[in-house]
There are 2 protein chains.
Amino acid sequence: MSDDALRIAIIGEAYDGLVAELEAAGARCVADPAEADGVVVAFGGRPEALRAALDAHSNVRWVQLPSAGIELFADSLAAHPQCDWTSAKGAYALPVAEHALALTLALLRELPRRARARAWGPAAGTSLHGLRVTVLGAGGVAQEIVRLMGCFHTEVTVVRRQAEPMRGAARTVTTAELGRILPDTDVLVLAAALTSGTRQLLDATALAALPERAVLVNIARGALIDTDALVAALRSGHLAGAALDVTDPEPLPAGHPLWSEPRALITPHSADTLEMIQPLLAARAAENVAALRSGAPLVGLVDAAAGY
Amino acid sequence: MSDDALRIAIIGEAYDGLVAELEAAGARCVADPAEADGVVVAFGGRPEALRAALDAHSNVRWVQLPSAGIELFADSLAAHPQCDWTSAKGAYALPVAEHALALTLALLRELPRRARARAWGPAAGTSLHGLRVTVLGAGGVAQEIVRLMGCFHTEVTVVRRQAEPMRGAARTVTTAELGRILPDTDVLVLAAALTSGTRQLLDATALAALPERAVLVNIARGALIDTDALVAALRSGHLAGAALDVTDPEPLPAGHPLWSEPRALITPHSADTLEMIQPLLAARAAENVAALRSGAPLVGLVDAAAGY
């Protein structure tokens with residue numbers, strides 16, 4: 001370890017892979033935030049512990065958060081704008097997008113019904129090939145979803161804040177145009193950050209604009225959807241199916257009508273399990289340690305105004 | 001329609017798309033096989049009807065079968081070797097391979113358990129990224145499965161009759177080497193024809209050679225697996241899961257132990273539904289009409305000795 005090593009305090013679980021990757025990138029892990037140049041919030045790191053460390057120690061100039069969403073850490077972020085803040089946005093894109101595809105195919109191929117069946121049934125299902133897919137969001141996860149959808153000759157429309165084009169998408173439109181795109185959507189995948197502009201974006205009106213054969217997949221944040229409106233849409237047979245890895249409320253309480261809705265498939269926020277993301281957070285944090293030491297741009301820099 | 005049109009009799013359902021595509025390729029559809037140069041066996045075409053037509057009318061020089069497997073038509077094929085026989089092998093590769101991927105991801109992401117759950121549970125699951133995938137077979141479906149697996153940075157081993165390399169596969173081995181590959185397999189996908197060399201290839205010994213975390217997917221023919229041995233392997237917890245679109249016996253009778261096995265997922269031979277394959281059979285048959293008229297090689301030519 002050289003003397004010019006970046007001193008890093010870990011808040012949360014300092015698992016072996018994380019420490020090893022940080023040190024390989026030129027960090028020295030220290031126990032006390034008072035001695036740290038930067039803080040890595042690992043899994044299980046409490047927002048209050050981060051806030052206390054930052055309030056007490058003005059030496060910290062960089063904070064790495066463990067998730068793509070920043071909601072939990074919003075008050076620390078607002079109180080310490082002098083720090084560079086990086087999140088895990090995009091770092092977990094591979095497993096999360098894979099889960100989105102798994103859920104999409106499961107709905108199209110009617111796998112929830114098959115999993116519950118106790119007898120052979122008539123062959124049924126829809127192929128993803130040739131379908132029109134709408135992806136809400138344009139971050140790392142959304143980009144990876146677009147790439148995977150491209151493996152199936154789909155026509156992808158990306159809905160994002162600004163209508164900048166995205167590789168692999170047939171077109172990009174702004175969030176304001178969502179209502180115009182929904183009637184021509186076979187598969188709607190939600191991969192956007194939760195912001196004031198996206199909260200309950202999928203309300204009763206938006207859900208009603210989807211065709212009856214459409215399926216809806218959410219691997220982002222539960223509150224992108226008005227849950228009561230979704231329950232009503234599924235009950236009425238308006239949607240072919242909905243697969244949710246995130247819910248509002250979350251965890252979805254026992255007895256909630258979605259648990260008994262045959263067209264719904266719920267996974268318990270398992271798109272990116274701890275086992276999958278531990279090496280990915282370590283890689284992101286180490287990349288940023290190397291960037292800080294070399295003066296390269298940080299990866300996953302938080303845009304506090306945008307909310308992600 | 002020109003006078004040199006190829007006269008085609010359709011046995012089975014002469015659906016609109018089929019007739020239109022055949023005629024666009026230069027065929028004239030005739031009702032009576034006595035007047036036909038070729039026969040297209042469409043969906044619902046009975047093997048006995050084909051046999052009777054061929055026995056009675058020596059003018060038929062080409063037969064298009066509606067499936068990849070030729071078992072149902074084996075006696076007609078043996079009795080009329082003077083005809084050119086083409087099957088649908090490879091024609092349904094896109095939807096069938098897509099179903100294989102859907103089943104693979106469903107097992108890895110524990111979707112059957114989630115579909116049956118009535119409450120939130122701990123996050124669990126495995127990502128396909130980086131896994132070792134073994135594909136049995138090397139036809140059109142297997143090639144498409146290898147392509148899709150390549151979208152997930154998997155390491156693919158193909159097991160086939162001859163060890164010729166396949167694009168996208170890290171290695172190819174012969175069927176005799178299957179036992180050596182199984183212990184290093186995370187995902188085993190069966191996509192081979194059913195022949196005397198592959199019947200019950202996945203017996204108790206082969207299943208025991210798979211690691212405990214492995215998942216097994218069969219979208220080819222049920223009898224590739226010794227079903228009783230599979231039931232025993234799943235019950236003992238030796239396999240993480242099995243997803244079967246084809247079974248032995250098929251349909252799988254109500255009350256069969258696989259229906260109540262939590263690690264099993266059964267789909268009712270729905271990898272390629274009639275709706276998905278009607279346009280694909282029409283395209284294959286039309287391609288062969290065009291080939292016969294121009295002298296180009298037929299597509300999907302049956303190798304009677306090989307059994308597919």
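The same surface serves both copies: 100% of the contact residues of chain B recur in chain A (contact means heavy atoms within 4.5 Å). This is a predicted model, in which local features need pLDDT of at least 70 and side-chain atom pairs count only at pLDDT 80 or more, while totals for chains, interfaces and linings use all residues. Residues are numbered from 1 along each chain as its sequence is written, chains are lettered from A in the order in which they are written, and side-chain values use heavy atoms, without hydrogens and water.

**Helix 1 and helix 10 of chain A**
- Helix 1 (residues 16–24) and helix 10 (residues 274–294) of chain A have axes that come within 8 Å and cross at roughly 20°.
- That makes helix 1 of chain A roughly parallel to helix 10 of chain A (angles under 35 degrees).
- The crossing of these two helices is right-handed.
- From helix 1 of chain A, G17(A), L18(A), E21(A) and L22(A) take part. They meet P279(A), A282(A), A283(A), A285(A), A286(A) and V289(A) in helix 10 of chain A.
- By class, this contact has eight nonpolar, one polar and one charged residues.

**N288(A)**
- N288(A) sits in helix 10 of chain A.
- N288(A) is buried, with a relative accessible area of 0% (buried means under 20%, with a 1.4 Å probe and protein chains only).
- Not counting residues up to four places away in sequence, N288(A) touches W62(A), Q64(A), T86(A), L298(A) and V299(A).

Methods. Axes are lines fitted to C-alpha atoms, for helices over the stretch in contact, and angles run from 0 to 180 degrees between N-to-C directions. Helices (H or I, at least four residues) and strands (E, at least two) are DSSP runs, numbered from the N terminus. Angles under 35 degrees count as roughly parallel, over 145 as roughly antiparallel, 65 to 115 as roughly perpendicular and the rest as oblique. A crossing is left-handed if the near helix is turned anticlockwise from the far one by less than a right angle, and right-handed if clockwise. Ala, Val, Leu, Ile, Met, Phe, Trp, Tyr, Cys and Pro count as nonpolar, Asp, Glu, Lys and Arg as charged, and the others, Gly among them, as polar. Buried means under 20% relative accessible area, exposed over 50%, partly exposed in between (1.4 Å probe, protein chains only).
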